[in-house]
Amino acid sequence: MTQELTSPSPAPQAPGTGRGPGWWRDAVIYQVYVRSFADSDGDGIGDLRGARERLPYLKDLGVDAVWLTPFYASPQADGGYDVADYRAVDPLFGTLQDADDLIRTAHDLGLRVIVDIVPNHTSDRHPWFQDPELSRQRYLFRPGKGESGELPPNDWESVFGGPAWTRTDRGDWYLHLFAPEQPDLNWDNPEVHTEFEAIMRFWLDLGVDGFRVDVAHGMIKAPGLPDIGHGAQAQLIGAQVLPFFDQDGVHAIHRAWRRLLDGYGDAHGRQVIGVAEAWAPTAERLALYVRPDELHQAFNFQFLNAPWQSDALRSVIDASLAATASVGAPTTWVLSNHDVVRHTTRLGGSLARARAATLLMLALPGSAYLYQGEELGLPEVTDLPDEVRQDPAFFRGGRATGAAGPGTDTESAPDGVAAAGGQDGFRDGCRVPLPWSGELPPYDFGPGGSWLPQPADWGGLTVAAQTGDPASTLELYRAALDLRRRLPGLGDGPMTWAPAPDGVLAFTRPGLLCTVNTLGHDVELPAPGTPLLSSAPVTVDDATGRLPGDSCTWWAI
Ligand code: GLC
């Protein structure tokens, strides 16, 4: 810390302070992947100052909150999800003062700030893991199998490929569900609980409005760490309860954190939230993470994984709404993030579909998460040379060695997310730095270059190029977010399906009807009202509406 920090800046006071209807219930939250958002110092890596300077852009875009991916001290073995000091900012990204400044500026602009917390594992450079005695108590060490302990303790595989165990010089093994540089913590040890509660308080004291809980389904492992019994474990993640994911025991942790968050919020007149990144096999099991005494939101990856097909979309939407309604929580919607193929590419390389999917998402009840760059319609970058890649899954040998992992399974990337259309299922292609202006890389990402090369043809996709062009994807997002704010009830209100031809979805929200044509060709139907906003030009003649293929339209009714 470079200087004494003052008391936290007040969060925006607009609806939802204290208890009562929460601000998060219908919030649109924008994910800033810090290293790729904006670079202030010219090292080619985005940082907190760069992000702070660009906050007015996010205010103007119309989002309610910002989620910052990890910027903590880290050797960066997994893009910062390997934390060596949870209370320090990595020099790559700035200082604690920069974090404080960013939170203040966001609050001044009326934006809330959510930060990541990574409780399943630390970096292997964390002082706890570096200490031979402490590490044995706070991580999961086990003797190996075989005559001289030369075999891993069980058959678990790392999400990034290869065994989930690494042998130490002392001969025993430690568990890492992700990279070997990310040892799993032992949540049976109360000191681990105490430490994470203290970390949360540290960031709450700095003014953050909540936490995105990384691998919220992972902290508790089945007693005895039993074998799974067959390979291809990557394909089972999110499909069934595994001895290392979605164990019932994780819920006690989330209950404790909810008590902490509510207690802190009550004491400080704030509403602070927890968002679970949890992989559960069904919408019902996912809903357990957002029971009234657990976290506030959970990412709805079932929606993200749904194919662009009306029946599939409808059933995912119904299942999601029913499951969260059963526990009184809002549903969340998300189409892209830093772990999955950008939805423009995933949905068949079709910007038309991506725009339609976004308008659909923003018309659904609940909260929505946007991933930086989707508002520009950015595609996945699929031709990165091997020498620039940084995703640890790539080096864990998914494809190269044939080991199980995201690379061998084009249907699932880390955590089981749909990877269709990406570069071998790895994650660098969605993390290419943003283009802000200009005709050539780095497109004003910063004064230097960019840590991953940007395509030479992104000049037309920059923020500057799209601003003011009513046909642009950026202006579509701005218009949708503006309408979402102005139409009461569009966020956390009721939704009713309306009759529609095959391949088309139609549903009403207060004051609005939304139609989605998932087919590749025009569909005609009786015009249900006046078009308010459409992802593609819609025409209305003599009370007949013509919906372009792969489009979504919001109608005033
Ligand atoms: C989450 C993060 C991902 C990371 C993993 C391990 O899935 O979103 O980026 O690699 O956790 O921390």
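Helix 12 is mostly covered, with ten of its 13 residues buried. In this predicted model, the buried residues of helix 12 are Ala-354, Arg-355, Ala-356, Ala-357, Thr-358, Leu-359, Leu-360, Met-361, Leu-362 and Ala-363. At 1.5 Å a residue the 13 residues of helix 12 should span 18 Å, and because its end C-alpha atoms are 18 Å apart, the two values agree.

**Helix 10 and its surroundings**

Helix 12 (351–363) is also one of the elements against which the buried residues of helix 10 pack. Helix 10 itself covers residues 310–325, and its 16 residues reach 22 Å from the first C-alpha to the last, close to the 22 Å expected at 1.5 Å a residue. Its buried residues are Ser-310, Ala-312, Leu-313, Val-316, Ile-317, Ser-320, Ala-323 and Thr-324. Besides helix 12, these residues pack against helix 8 (283–287) and helix 9 (301–305), and also against strand 12 (332–334), strand 14 (496–497) and strand 15 (504–509).

**Strand pairings**

Strand 12, which packs against the buried residues of helix 10, also pairs with strand 13 in the parallel sense over three bridges. Strand 13 (residues 367–371) is mostly covered, since five of its five residues are buried. Both faces of strand 13 are covered, with Ser-367, Tyr-369 and Tyr-371 buried on one side and Ala-368 and Leu-370 buried on the other. Strand 1 (residues 28–32) and strand 13 run parallel and are joined by four bridges.

Another set of strands, 17-20-19 in that order, forms an open sheet of three strands with antiparallel pairing. Its edge strands are strand 17 (523–526) and strand 19 (539–541), each of which pairs on one side only, and the twist averages 25 degrees from one strand to the next. Within this sheet, strand 17 and strand 20 (residues 544–547) are paired over four bridges in the antiparallel sense, and Leu-525 stands opposite Gly-545 in strand 20.

The pairings with a stated number of bridges are set out below.

| Strands | Sense | Bridges |
|---|---|---|
| Strand 1 and strand 13 | parallel | four bridges |
| Strand 12 and strand 13 | parallel | three bridges |
| Strand 17 and strand 20 | antiparallel | four bridges |

**Cysteines**

A disulfide is a covalent bond between the sulfur atoms of two cysteines. The structure holds zero disulfides. For Cys-552, the closest cysteine sulfur belongs to Cys-514 and lies 3.5 Å away, which is too far for a bond, because a disulfide requires the pair of sulfur atoms to be within 2.5 Å. Cys-552 is buried, with a relative accessible area of 0%, and Cys-430 also counts as buried, at 1% relative accessibility.

**The chain as a whole**

The protein chain has 16 helices and 21 strands, and of its 557 residues, 63% count as buried. Its C-alpha atoms fill a box of roughly 80 × 55 × 50 Å, taken along the principal axes. A compact globule with 557 residues would have a radius of gyration near 24 Å, and the 23 Å of the protein chain agrees with this. Among contacts between residues at least 6 apart in sequence, 68% join residues at least 24 apart.

Definitions and conventions: Residues numbered from 1 in each chain as written. Predicted model: local features only at pLDDT ≥ 70, side-chain atom pairs only at ≥ 80, totals over all residues. Heavy atoms only, no water. Helix = DSSP H or I, 4+ residues; strand = E, 2+ residues; numbered from the N terminus. Expected span 1.5 Å × (residues − 1). Buried < 20%, exposed > 50% of the residue type's maximum accessible area, 1.4 Å probe, protein only. Contact = heavy atoms within 4.5 Å. Pairing = 2+ DSSP bridges. Axes fitted to C-alpha atoms, helices over the stretch in contact; angles between N-to-C directions. Rg over C-alpha atoms; globule rule 2.2 N^0.38 Å.
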